[in-house]
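Work through the exercises below with the structure at hand. Try each task before reading its solution.

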Amino acid sequence: MPLVESGSAPSNTEAPAVDPATAKAYWAKTSNLMWLVFCIWFFFSFVVHIFAPSLNSIKILGFPLGFYMAAQGSLIVFVVALFWFGKRQNEIDEEFGVQED
Amino acid sequence: MSGATKEKDPFIASLGKIYAGYTGGFAAFVVIIAILEQMGVPDRILGYMFVGLTIGVYAYIGIISRTQAVAEYYVAGRRVPALYNGMATGSDWMSAASFIGMAGSLYALGYGGLAFILGWTGGYMLVAILLAPYLRKFGQYTVPDFLGARFGGNAARLIGVIVLITASFVYVVAQIVGVGIITQRFLDVSFGVAVFVGLAGILVCSMLGGMRAVTWTQVAQYIVLIIAYLIPAFLMSAKITGVPMPQLMYGFALERIAELENGFRAAGMTPPPGVTGWHSAPFIGANGQFNIQAAVNFFALVFCLMVGTAALPHILMRYFTTPSVKEARQSVAWSLFFIFLLYFTAPAYAAFGKVEIYQTLIGQPIASLPDWVKSWQIMSPYGVPWINIVDVNRDGILQWNEFRIHPDVVVLATPEIAGLPYVIAGLVAAGGLAAALSTADGLLLALANALSHDIYYKMIDRNAPTARRLVISRVLLLIVAVAAAWTAGNAGADILFLVAWAFSIAAAGLFAALVMGVWYKKTTNTAACVGMGVGYVLTFGYLIHSEWFGLDFVQLFGSKDAIIAAARQVGTINQNFTSPELRAEAAAILANTAAVTDGALAWFGGIIGIPTDTVVLRNRVVGRLWGINNISGGIIGVPVAFLTIWLVSKFTTPPSQAMQDFIDDIRIPKGGVRLADKRDAVE
């Protein structure tokens with residue numbers, strides 16, 4: 001496999017890719033999504049586990065719920081949330097026309 | 001292959017076929033070994049075949065992926081699809097500690113061990129939303145590259161490299177120890193030889209092809225390690241519950257454990273040292289009651305592991321290799337998915353292992369224990385037998401607290417516990433080896449790239465020709481690898497606890513500067529350098545002070561009572577492990593307890609209402625600020641680094657217009673990147 005430098009290195013263009021107003025609106029929406037996912041992260045990383053001692057009194061298929069949340073529940077939320085985040089961010093990219101060519 | 005990201009590359013297009021064929025080949029190989037075993041081929045030969053063939057395949061991929069192109073060497077030509085980069089990140093991430101040690105920690109700690117499960121997965125949320133897409137858009141070779149370009153040059157780059165080297169070196173040494181332990185156990189060679197066998201396995205993967213070779217071997221290693229982890233768990237679940245779905249069925253095992261634990265307690269027994277007596281109960285002390293320190297430590301550890309995940313350069317650099325920003329984001333989701341497959345199985349291993357041991361061993365005559373127990377009653381490299389049966393009350397019956405099992409055995413011995421043939425044990429060894437090798441590869445490459453690209457090329461010789469840069473990369477890779485193996489061979493298993501430190505050090509040193517570099521436009525060069533420096537020095541200093549100078553630490557931050565308690569603890573440690581000076585100092589404190597006063601910073605040590613104290617760990621008196629174990633040392637360094645960067649930014653010259661343009665560009669997927677300093681451009 002003959003190999004030369006890949007041509008994908010970023011070029012130093014002088015003009016911005018989109019006009020400043022679009023860039024600003026795009027970044028506001030992107031930031032909102034970031035904060036939303038950040039809150040999901042915070043809730044399922046910390047908040048829900050604070051209640052683990054009381055959640056443990058609920059049992060499903062033998063799993064105490066507090067234990068289950070830390071062993072599986074939060075993890076499933078993380079995986080699903082990340083795939084959703086990727087999809088949602090792509091939609092935002094396309095809405096503002098800033099997706100890669 | 002120029003413009004490879006746009007046109008359909010035949011190699012990338014056929015990846016699915018290649019790895020499907022590889023997976024099928026590996027399955028066929030396992031079947032052949034199983035047949036050979038039935039035909040009476042000795043276990044030792046089968047062990048050699050397992051280790052030899054898998055390392056041979058990795059070496060083959062490493063050799064065919066050799067390259068002379070800089071972009072291939074550093075970022076695999078930026079054409080690794082999201083899914084495969086996710087698999088590569090998965091095996092880069094999951095180390096010997098995850099594969100072998102995690103289930104054992106869960107066995108010992110019960111709910112407390114879930115901090116590792118949460119901490120080592122949730123961090124990918126932070127990677128995806130805060131860093132990966134922007135680092136990919138920035139699009140150079142290393143994490144210090146970003147720090148250098150964003151924060152005005154070599155000062156920031158150098159601090160980044162120092163943090164990177166500190167965090168990655170202790171981590172890679174631990175991986176090599178892991179390789180040594182597995183090789184020693186399954187090939188029956190000495191630890192020193194095993195370390196160098198492992199080293200050869202690591203180097204053939206990375207030496208010739210850099211990131212490109214490491215990427216494609218890591219995908220292959222992921223496939224081996226996940227098969228090797230899941231199959232024994234499925235078989236174990238089938239044996240114990242009758243249903244081969246470990247992740248769903250271990251709830252019943254948890255119920256059974258609670259019954260057995262209650263039964264043992266009713267019979268007046270206590271759990272063995274280091275093992276919780278209430279497997280599913282959160283935040284409890286030794287007496288089973290709620291304990292605020294246990295809760296604080298749990299959350300502090302989750303926090304440090306998560307933030308550390310999002311700051312470890314060998315993980316972040318994997319997202320430089322995807323073809324686009326969009327794929328970088330998807331790739332983080334795939335990474336987490338592939339990691340999740342192993343991590344949500346680990347608690348099942350722990351639960352099934354515990355049920356089996358509690359149910360079939362406790363209460364039996366020690367003389368008639370099953371053969372697998374006897375075969376593990378041999379000395380481990382940790383200095384205690386893997387399984388240590390201590391007949392405390394000398395009645396010849398195995399009590400709860402008399403069965404002491406090293407955490408690593410829980411996974412390594414599962415095949416024997418479940419009565420499975422040797423082929424499964426060989427499979428587990430091959431999986432553990434794949435986990436340790438892949439992580440060691442990624443770390444070594446991160447280290448060598450920081451030295452060759454960031455220090456040599458960017459800081460020493462900007463005009464070095466490509467050929468020389470690549471030669472220097474390879475020479476440095478070899479030097480770092482030998483240095484790590486030498487350290488591993490000499491320090492042995494005593495240094496494994498240092499791995500957890502790598503997370504706190506990376507978190508406190510790098511996370512704040514990286515995140516604020518993207519998300520806070522007003523972050524100034526000085527602020528970032530000061531913030532990284534403060535976070536790093538504070539955390540690293542705190543770790544060393546509390547670990548090796550615990551008595552001194554508590555004399556500074558502790559109350560009068562804590563100091564006296566610490567001095568008493570010194571006397572409880574075996575004298576082989578304490579220095580005469582330390583013993584004399586402790587004796588002086590105890591001789592005149594009335595004269596002891598609160599430490600100078602005792603007000604700070606008690607500021608959150610939980611006192612600073614000490615515990616005896618690793619044969620040392622170890623200080624705990626606010627009762628938090630130093631494994632979570634980053635809990636202080638991370639917020640301080642953020643605060644420092646924000647405050648210093650207020651009082652220093654704001655970033656130039658060119659720098660703000662640069663930040664605008666990396667925030668948007670489309671278009672090029674206008675670097676503030678043109679000399680930072682890659683070539």
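## Exercise 1: a helix pair

In this predicted model, the axes of helix α9 (residues 154–187) of chain B and helix α20 (residues 422–460) of chain B come within 8 Å and cross at roughly 155°. Determine how α9(B) and α20(B) run relative to each other, and state the hand of their crossing.

**Solution.**
1. Take the crossing angle of α9(B) and α20(B), roughly 155°.
2. Angles over 145 degrees count as roughly antiparallel.
3. α9(B) and α20(B) are therefore roughly antiparallel to each other.
4. The hand of the crossing of α9(B) and α20(B) is left-handed.
5. In the contact of α9(B) with α20(B), the residues split into 22 nonpolar, six polar and three charged.

## Exercise 2: chain A

Describe the secondary structure of chain A and give the order of its elements. What percentage of its residues count as buried?

**Solution.**
1. Chain A has three helices and two strands.
2. Read from the N terminus, the order in chain A is α-α-β-β-α.
3. Chain A has 101 residues, and 30% of them count as buried.
4. Now take the contacts in chain A with a separation of 6 or more: 54% of them come from residues 24 or more positions apart.

## Exercise 3: the contact between chains

How many residues does each of chain B and chain A bring to the contact? Which helices of chain B each supply at least two residues?

**Solution.**
1. Chain B brings 68 residues and chain A brings 53 residues.
2. On the side of chain B that touches chain A, the helices that each supply at least two residues include α7 (114–138), α12 (246–266), α13 (292–309) and α15 (325–343). α4 (70–75) and α29 (657–667) of chain B also each supply at least two.
3. That side of chain B divides into 40 nonpolar, 16 polar and 12 charged residues.

Conventions
Residues are numbered from 1 along each chain as its sequence is written. Chains are lettered from A and ligands numbered from 1 in the order in which they are written. This is a predicted model: local features need pLDDT of at least 70, side-chain atom pairs count only at pLDDT 80 or more; totals for chains, interfaces and linings use all residues. Axes are lines fitted to C-alpha atoms, for helices over the stretch in contact, and angles run from 0 to 180 degrees between N-to-C directions. Helices (H or I, at least four residues) and strands (E, at least two) are DSSP runs, numbered from the N terminus. Angles under 35 degrees count as roughly parallel, over 145 as roughly antiparallel, 65 to 115 as roughly perpendicular and the rest as oblique. A crossing is left-handed if the near helix is turned anticlockwise from the far one by less than a right angle, and right-handed if clockwise. Ala, Val, Leu, Ile, Met, Phe, Trp, Tyr, Cys and Pro count as nonpolar, Asp, Glu, Lys and Arg as charged, and the others, Gly among them, as polar. A residue is buried if 20 or more other C-beta atoms lie within 10 Å of its own, exposed if 12 or fewer, and partly exposed in between; C-beta atoms are placed from the backbone. Two residues are in contact if their C-beta atoms, placed from the backbone, lie within 7 Å.
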